[in-house]
Amino acid sequence: MSTTGAAPDRESLRDLAVRVAAEAGELAREGQAGITVLDTKSSPTDVVTRMDRATEDLIRARLLAERPDDAVLGEEGGDDEGGTSGVRWVVDPIDGTVNYLYGHHDWAVSIAAEVDGVVVAAAVNVPRRGEMYEAVLGGGARLDGRTIQAPPAVPLDQALVATGFGYLPERRAQQARILLEVVPRVRDIRRGGSAAVDLVGLAMGRVNAYYERGLHVWDWAAPGLVASEAGLRVGDLRGGPPSEDLVIAGRPELQESLRTLLAPLGADTDG
Ligand code: LIP
């Protein structure tokens, strides 16, 4: 992507993300009742609904109406590969589609803005909880306008740890084997069904740590910025940035302890 003009300010990108996430969240919330599977993706369990597509279409249209020179990467529509502004939006219209399909509350609309490859602004709307999270890089994280800070670390054996499972059977089998080693060493496990809700919940202290293999950048871009701006470390298993191999998050001391537990188990491999 070639860049033209001055970098836009982060707050205006965040404000646009929040406005669009609010409208998209309302559309998706209204469409949840009676929703059915429209299609499947990587496996028969990896579903997409009419509302995933409609919500992403609305987000793309609203973002590009205001910023026509930006690029957009979305879970459902892929990478448009356009854009000359240096800004790329990373969008998950409904993160937690299976929760959405079954009428659960924990699903989210995630919109992040990257400038030259760095996530600088984010909005995560969890409509059925009535929660709008937002963050700018270096500017902190907020829930409904109030600054949030994650609570201090706890020792690993007292940690409530969220995780998730991929859609491929072989990967799930390895994730289950790893879980057998994790469960006896932590307070308990939660499988909420939305990586975005897990990561913003971590920022709120609803869990103490989170790990998952096989996420995509749209799963973590926006909620990962909310989490890191709330004082959490969000990375991979080897001390690098979050990746499809593994996303692992928590207060730095706890994230380190969890990495030490997971690394020898091959948690960033399929076994
Ligand atoms: C899902 C996640 C879920 C995870 C799945 C998937 P989707 O996103 O948020 O927690 O375990 O692997 O990535 O498919 O509902 O947008």
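1. A word on terms before the details. On a 1 Å grid over the protein atoms alone, a cavity is a set of points where a 1.4 Å probe fits but cannot get out. A pocket is an open set with protein on both sides within 12 Å along at least five of seven lines. Lining residues have an atom within 4 Å of a point. Grid points are joined across faces, edges and corners, and a volume is the space filled by probe spheres set on the points.

2. The basis of the model comes next. This is a predicted model: local features need pLDDT of at least 70, side-chain atom pairs count only at pLDDT 80 or more, and totals for chains, interfaces and linings use all residues. Residues are numbered from 1 along each chain as its sequence is written, and side-chain values use heavy atoms, with hydrogens and water left out.

3. Start with the largest pocket. Its volume is about 690 Å³. The lining holds 32 residues, and Asp46, Phe165, Gly166, Tyr167 and Glu212 are the closest to the pocket centre. At least two lining residues come from each of β5 (87-95), α3 (97-101), α4 (169-182) and α6 (217-229). These elements are DSSP runs numbered from the N terminus: helices are H or I with at least four residues, strands are E with at least two.

4. Both domains take part in the largest pocket. Domain 1 (10-148) and domain 2 (156-265) each give at least three residues to its lining; the bounds come from an automatic or database domain assignment. By class, the lining has 12 charged, 11 polar and 9 nonpolar residues. Here Ala, Val, Leu, Ile, Met, Phe, Trp, Tyr, Cys and Pro count as nonpolar, Asp, Glu, Lys and Arg as charged, and the others, Gly among them, as polar.

5. Now the ligand. Oxygen atoms of the ligand lie 2.9 Å from a polar side-chain atom of Tyr167, 3.1 Å from one of Glu75 and 3.5 Å from a polar backbone atom of Ser194. The protein covers 96% of the 380 Å² of accessible area that the ligand has on its own, by the Shrake-Rupley method with a 1.4 Å probe.

6. The second largest pocket has a volume of about 250 Å³. Of its 15 lining residues, Val119, Gly224, Leu225, Ser228 and Pro242 are the closest to the centre. Two or more residues come from β7 (118-126) and from α6. Helix α6 gives the most, with 7 residues. The lining has 10 nonpolar, 3 polar and 2 charged residues. Domain 1 and domain 2 each supply at least three residues.

7. The whole structure has 2 cavities of 30 Å³ or more. Thr163, Phe165, Gln175, Tyr211 and Glu212 are among its lining residues. Elements α4 and β13 (209-212) each give two or more residues to that lining. Its classes are 5 nonpolar, 3 polar and 2 charged.

8. The second largest cavity has a volume of about 50 Å³. Its lining includes Pro151, Pro152, Leu202, Asn208, Arg251 and Leu254. The lining has 9 nonpolar, 2 polar and 1 charged residues.

Note on methods. Polar contact = N/O pair within 3.5 Å; in protein donor to acceptor, adjacent residues only side chain to side chain.
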